[in-house]
Amino acid sequence: MVNRVVIAAPASGHGKTTVATGLLAAFARRGVPVAPFKVGPDYIDPGYHALAAGRPGRNLDPVLVGEDQIGPLFAHGSAGAELAIVEGVMGLYDGRTGAGETGSTAQVAELLQAPVILVVDAAAQGRSVAALVHGFRSFGTVRLTGVILNRVGSARHEQILRDACEEVGTPVLGALRRADAVAAPSRHLGLVPAAERRAEALASVDALATLIAGAVDLDAVAAVARSAPPLTAAPWTPRAEQPVTEGPVVALAGGPAFSFAYAETAELLTGAGATVVAVDPLHDEALPAGTRALVVGGGFPEVYASELSANEPLRRSVAALAASGAPITAECAGLLWLCRTLDGAPMCGVLDAEAVMTPTLTLGYRDAVALTDSPLAAAGTRVTGHEFHRTAVHPRSGLLLSPAGGAAWAWRGDDPEGFVSGSVHASYLHLHWAGQRGLAERLVRAAAAVG
């Protein structure tokens, strides 16, 4: 039994991340063990959640892992916590395009049987806020238990809003003033990740704890969370049924340039029998001793292209690993790093391709099928992943490199994408391995087979 509450909003930009992160930090400051979660495929918000809670921020995405895994993943991620705070995605009822409620905050709240608190940007609203709150409460089947008002102009404005919410029987649990905002810098894909500004991010989180503690009734929020019924779900486990016994070293890229990773990825690799060792491509000049596989997630290598290029010893080390036949898997930012160049700066040169920044945002879920056998997936494997980038790779896939070249994935409405070359699998597609636990097991078995 974990007390739990979902922090939602009518739309993006109302202040969910401010409130959720501040609540985590404020309760942690009180000594309450808190577990942070984020609905959807977001990598950045969980980084701030982790700083606030002192434990990994985790994602709950029914599209990527299947709705049957939401309860088990929640139970796994909240083990040892007294309170779980789940930040929603977009608007409360916004899910995967064309799929109704699937992937929405509302769906996750229902799967967790969790009460919902609505964060409302009230800067330009008066009594009409009652109609908005009433509409969200009556539209679906979630249990909307209260409202936190954001960007309130004055004491008089706050009273008007509170009276309006009272008219429709929805209590106001807190009110943040317009001047109370704690700013976090952003750029082309959203907020700057906490891993890139750790000292400043810690200071921001500390300021949020003070802000929320003074503006929100924490006892009322805790009472809402306690109203959640018992959740019957066996905790998800990352341990494979038959882990390898050799304990091959799998290097996992991280640091400021590659901060996009689900917490479960390392856990699954370890559970499959690997010895997981972190490597920071900005600072480490060699792969960990004994490396027999490399996993590179997403992030912002385009921001650090010159520094990554300057680390020539590590670039040579990665190229040598690929030439040795050891498995390498990379997604999105990792794909860019493996290319010959990124915006003209030399990269690892594992793939005969060029990567460049573009003005176009590519975003959305993809139902994909593997086209080529690789250490990550057998041909024919079906997955659901997510794309999120403002870059392009030329050529788009390994099919265009040579007659023997291989593409990683295909999905409806676009040409084959990504590269499979020898033991290398690289693609723009972000995958949540908890939804396809066989990926980690296959990769670790391939690593164990490397001589």
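**Rings, a sheet and a few helices**

Buried here means under 20% relative accessible area, while exposed means over 50% and partly exposed lies in between, using a 1.4 Å probe and protein chains only. Trp337 is buried as well, at 1%.

Before we go on, a word on the background. This is a predicted model, so local features need pLDDT of at least 70 and side-chain atom pairs count only at pLDDT 80 or more, whereas totals for chains, interfaces and linings use all residues. Residues are numbered from 1 along each chain as its sequence is written, and side-chain values use heavy atoms, leaving out hydrogens and water.

Now, the rings. How many aromatic pairs does a search of the whole structure find? The search turns up seven. Rings of Phe, Tyr and Trp (its six-membered ring) pair if their centres lie within 6.5 Å; planes under 30 degrees apart are stacked, over 60 edge-to-face, and the rest tilted. Tyr93 and Phe136 make a stacked pair, with 6.2 Å from centre to centre and 20 degrees between the planes. Tyr93 sits in the loop between S4 and H5 and Phe136 in helix H6 (residues 129-139), so this pair ties together parts 43 residues apart in sequence. By the way, helices (H or I, at least four residues) and strands (E, at least two) are DSSP runs, numbered from the N terminus. Both Tyr93 and Phe136 are buried.

Back to our opening residues. The ring centres of Phe258 and Trp337 are 5.4 Å apart and their planes stand at 50 degrees, so this pair is tilted. Phe258 is in the loop between strand S10 (249-253) and helix H10 (263-271), Trp337 is in helix H13 (residues 333-338), and the two are 79 residues apart. Elsewhere, ring pairs join Tyr43, Phe260, Tyr262 and Phe300 into a cluster.

Next, the sheet. Seven strands form an open sheet with parallel pairing, in the order S3-S2-S4-S1-S5-S6-S7. Two strands pair if DSSP finds at least two bridges between them. Which strands stand at the edges? Strand S3 (58-60) and strand S7 (172-177) do, each with a single partner strand, so one side of each has no neighbour in the sheet. On average, neighbouring strands of this sheet are turned by 25 degrees against each other, direction ignored. Axes are lines fitted to C-alpha atoms, for helices over the stretch in contact, and angles run from 0 to 180 degrees between N-to-C directions. Strand S2 (residues 34-39) pairs with S3 over three bridges, and Phe37 has Arg58 in S3 as its bridge partner.

Helix H5 (residues 105-112) packs on this sheet, touching strand S1 (3-8), S2, S3, strand S4 (83-87) and strand S5 (116-121), and its direction makes about 170 degrees with that of S1. Contact means heavy atoms within 4.5 Å. Six of the eight residues of H5 are buried, so this helix is largely enclosed by the rest of the structure. Among them are Thr105, Val108 and Leu112. Just after H5, Gln113 takes a positive phi of about 50 degrees.

Let's finish with helix H9 (residues 218-226), where Leu218, Val221, Ala222, Val224 and Ala225 are buried. They cover an arc of only 155 degrees around the axis, which puts them on the same side of H9; that arc is taken from the directions from the helix axis to the C-beta atoms.
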